[in-house]
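Work through the exercises below with the sequence and the 3D view open. Each task is followed by a solution in steps.

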Amino acid sequence: QVQLVESGGGLVQPGGSLRLSCVASGIIFSAFEMAWYRQAPGKQRELVATITSGGSTNFADSVKGRFTISRDNGRNTLYLQMNSLNAEDTAVYYCNIQHTTYWGRGTQVTVSS
């Protein structure tokens, strides 16, 4: 049974940082491309960042230079380091196994003073 569990969200002030984690089980984690998505209130879910099994990364233009995606295959864990956060980053962040329908339940990130 495939399971993705996100954590690390919360309330942060503008300019602050957060690190999200996603622990995967039920899959050979190292074999899969992984991604972070987000969905803000009233908006469609959007791709934030991807990382291949080999470690190559891609980012949405809106987060380039501020966010970093990484993975620890030994811990079956995906990370999203988010720096210089602003109000437009407020959303529920989801972990996804790329090209599948497997999603986590999400973790809320709220950027507000």
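Trp103 is partly exposed, with 34% relative accessible area (buried is under 20%, exposed over 50%, partly exposed in between; 1.4 Å probe, protein chains only). The model is predicted: local features need pLDDT of at least 70, side-chain atom pairs count only at pLDDT 80 or more, and totals for chains, interfaces and linings use all residues. Residues are numbered from 1 along each chain as its sequence is written, and side-chain values use heavy atoms, leaving out hydrogens and water.

**Exercise 1.** Find the rings that pair with Trp103 and classify the pairs.

*Solution.* 
Step 1. Rings of Phe, Tyr and Trp (its six-membered ring) pair if their centres lie within 6.5 Å; planes under 30 degrees apart are stacked, over 60 edge-to-face, the rest tilted.
Step 2. Tyr94 and Trp103 are 6.4 Å apart centre to centre, with 85 degrees between the planes, hence edge-to-face.
Step 3. Tyr37 and Trp103 are also edge-to-face, at 4.9 Å and 65 degrees.

**Exercise 2.** Decide whether Tyr37 and Tyr94 are buried or exposed.

*Solution.* 
Step 1. Tyr37 has 16% relative accessibility, so Tyr37 counts as buried.
Step 2. Tyr94 has 12%, so Tyr94 is buried as well.

**Exercise 3.** Which residue lies over the face of Trp103?

*Solution.* 
Step 1. A charge sits over a ring if NZ of Lys or CZ of Arg is within 6 Å of the ring centre and within 35 degrees of the ring normal.
Step 2. Arg45 lies over the face of Trp103, 4.5 Å from the ring centre.
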